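I opened my notebook to see what could be looked up in this structure. Here are my entries, in the order I made them.

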Amino acid sequence: MPTKAKNPHLPFGDQQTAPWYGKDILSVKQFSRADLEYIFAVAHEMRIMVERIGTFDLLKGKILANLFFEPSTRTSSSFMAAMKRLGGAVIPISEVKYSSVAKGESLPDTVRTLGCYADVIVIRHPEVGSAALAAKHARKPVINAGDGVGEHPTQALLDTFTIREELGQLDELTVTMLGDLKYGRTVHSLARLLTQFKNIKLNYISPDILRMPKDVMDEVAAKGIPQAEHPTLGKVLAKTDVLYVTRVQRERFEDPAVYEKAKSAYVIGPEVMKGAKEKMIVMHPLPRVTEISMDFDDDPRAAYFRQMEYGLYVRMALLAMVLGKA
Ligand code: NCD
């Protein structure tokens, strides 16, 4: 991945030799295991700093352009919070209907523009490959915050950081992904990223029409990771260390009747979870709709709200890294 150290007005103190300085973050395929350990170590430091002092000036004077063409609560606000907790500023563009996008401006021109004003660009867009296209035309590092049904690399990084902080390990785990595995970009990124760890077993549970895409399964298989598809949780729940639940992605269905049929295929609740280990976690990228019942929320294994908080620390780490401060 080429480095975009093209800003002629770099203020004194930017570590242009830092390994992630000026890099785009587009796909989990960019990360080696050593990279992951590094990101997790920085994220852990960020956690300690936030817990101790809340906000500090590591990115003082830097500006983030937060460009969201699709709805978002967590990803968008956690990137904003991450930048502000590091002392930087944010240009939030989530109402694209009020920007020149509504006048027909192309994505390359929009990011060219933002590159003139900001030091880093975060983008979420409904089309696969949009973040890579933005990166090609932006003078500043671009971070993919979800490109349609493609990837969501920062989510997979925060998901793996969550597993590490909660279970204390990332090797030797059985991870069961359940729900909409076809359109859920978070599971596409997470399955790929988990191939970096040792003795991982992956189980996929979904309605037949929402199975994990073949290209993702082929990539995972090429890394020697065992994967199995199951119609129900029955056989695998008792062996599962991480149950990763996803929402059925209504906005990606062409036919609402098909969505209606698929939407309530699985519901995780206290009764079902009696069959699971005591030391395991249930994760969800959120938002949830009906796939995890609210009466499970107080179970110590319900890690999905803690998972959101880990996202802040990981995004702080990533911003600091691409801006040459970590
Ligand atoms: C996910 C997404 O946008 O892909 N949400 C998120 O970023 N936390 C999952 C979803 O929308 O269901």
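**Entry 1: Ser189**

I started with Ser189, which has a relative accessible area of 0% and is therefore buried. The model is a predicted one, so I kept that in mind for each later entry. I found Ser189 in helix H6. Next I looked for a partner of the Ser189 side chain, and there is one: a polar contact of 2.8 Å joins it to the side chain of Glu151.

**Entry 2: the second largest pocket**

Glu151 came up again when I turned to the pockets. Which residues lie nearest the centre of the second largest pocket? They are Val128, Asp147, Gly150, Glu151 and Arg192, out of 18 residues in the lining. Helix H4 (130-137), strand S4 (142-147), H6 and helix H7 (214-222) each give two or more residues to this lining. I noted a volume of about 240 Å³ for this pocket. Sorted by class, its lining has seven nonpolar, five polar and six charged residues.

**Entry 3: the largest pocket**

I then went to the largest pocket, which holds about 700 Å³ of space. Its lining takes in 34 residues, and Arg74, Arg124, Arg247, Leu286 and Pro287 lie nearest the centre. The elements with two or more residues in that lining are helix H2 (74-85), helix H5 (153-167), helix H6 (185-194) and helix H10 (304-322). Which element gives the largest share? I wrote down H10, with seven residues. By class I found 11 nonpolar, 13 polar and 10 charged residues in this lining.

**Entry 4: around the ligand**

Next I listed what surrounds the ligand. My list reads Thr75, Arg124, His152, Gln155, Arg185, Thr186, Arg247, Gln249, Pro285, Leu286 and Pro287. Several names were already on my page: Arg124, Arg247, Leu286 and Pro287 are also among the residues nearest the centre of the largest pocket.

- Arg124 has a polar side-chain atom 3.0 Å from a ligand oxygen atom.
- Gln249 has an N or O atom in its side chain 2.8 Å from an oxygen atom of the ligand.
- Leu286 uses its backbone: a polar atom there is 3.0 Å from a nitrogen atom of the ligand.

**Entry 5: backbone at Leu286 and Pro287**

Leu286 made me check the backbone. Most residues other than glycine have a negative phi, and most peptide bonds are trans. Leu286 has a positive phi, near 65 degrees. The bond that joins Leu286 to Pro287 is a cis peptide bond, with omega about 5 degrees. I placed Leu286 in the loop between S9 and H10, and Pro287 is found in that loop too. Is Leu286 buried or exposed? With a relative accessible area of 12%, Leu286 is buried, because the cut-off for buried is under 20%.

Asn199 gave me another positive phi, near 50 degrees. I found Asn199 in the loop between H6 and strand S6 (201-205). Asn199 has 54% relative accessibility, so it counts as exposed, the cut-off being over 50%.

I moved on to strand S8, residues 242-245. In a regular strand the side chains alternate between the two faces of the sheet. Here Val242 and Tyr244 point one way, Leu243 and Val245 point the other way, and all are buried.

What does S8 pair with? Strand S5 (residues 174-178) runs parallel to S8, and four bridges join them. Within that pairing I noted Leu178 opposite Val245. Strand S9 (residues 281-283) also runs parallel to S8, with three bridges. There, Leu243 has Val282 as its bridge partner.

**Entry 6: cavities**

Rolling a probe the size of a water molecule over the atoms shows where empty space is left. How many cavities of 30 Å³ or more does the structure hold? I counted two. Leu178 is in its lining, along with Gly179, Pro207, Thr246, Val248, Ala262, Lys263, Ala265, Tyr266 and Glu291. By class, that lining has six nonpolar, two polar and two charged residues.

Key. Residues are numbered from 1 along each chain as its sequence is written. This is a predicted model: local features need pLDDT of at least 70, side-chain atom pairs count only at pLDDT 80 or more; totals for chains, interfaces and linings use all residues. Side-chain values use heavy atoms; hydrogens and water are left out. On a 1 Å grid over the protein atoms alone, a cavity is a set of points where a 1.4 Å probe fits but cannot get out, and a pocket is an open set with protein on both sides within 12 Å along at least five of seven lines; lining residues have an atom within 4 Å of a point. Grid points are joined across faces, edges and corners, and a volume is the space filled by probe spheres set on the points. Ala, Val, Leu, Ile, Met, Phe, Trp, Tyr, Cys and Pro count as nonpolar, Asp, Glu, Lys and Arg as charged, and the others, Gly among them, as polar. Buried means under 20% relative accessible area, exposed over 50%, partly exposed in between (1.4 Å probe, protein chains only). Two strands pair if DSSP finds at least two bridges between them. A residue is near a molecule or strand if one of its heavy atoms lies within 4 Å of it. A polar contact is a pair of N or O atoms within 3.5 Å; within protein, one must be able to donate a hydrogen and the other to accept it, and residues adjacent in sequence count only if both atoms are side-chain atoms.
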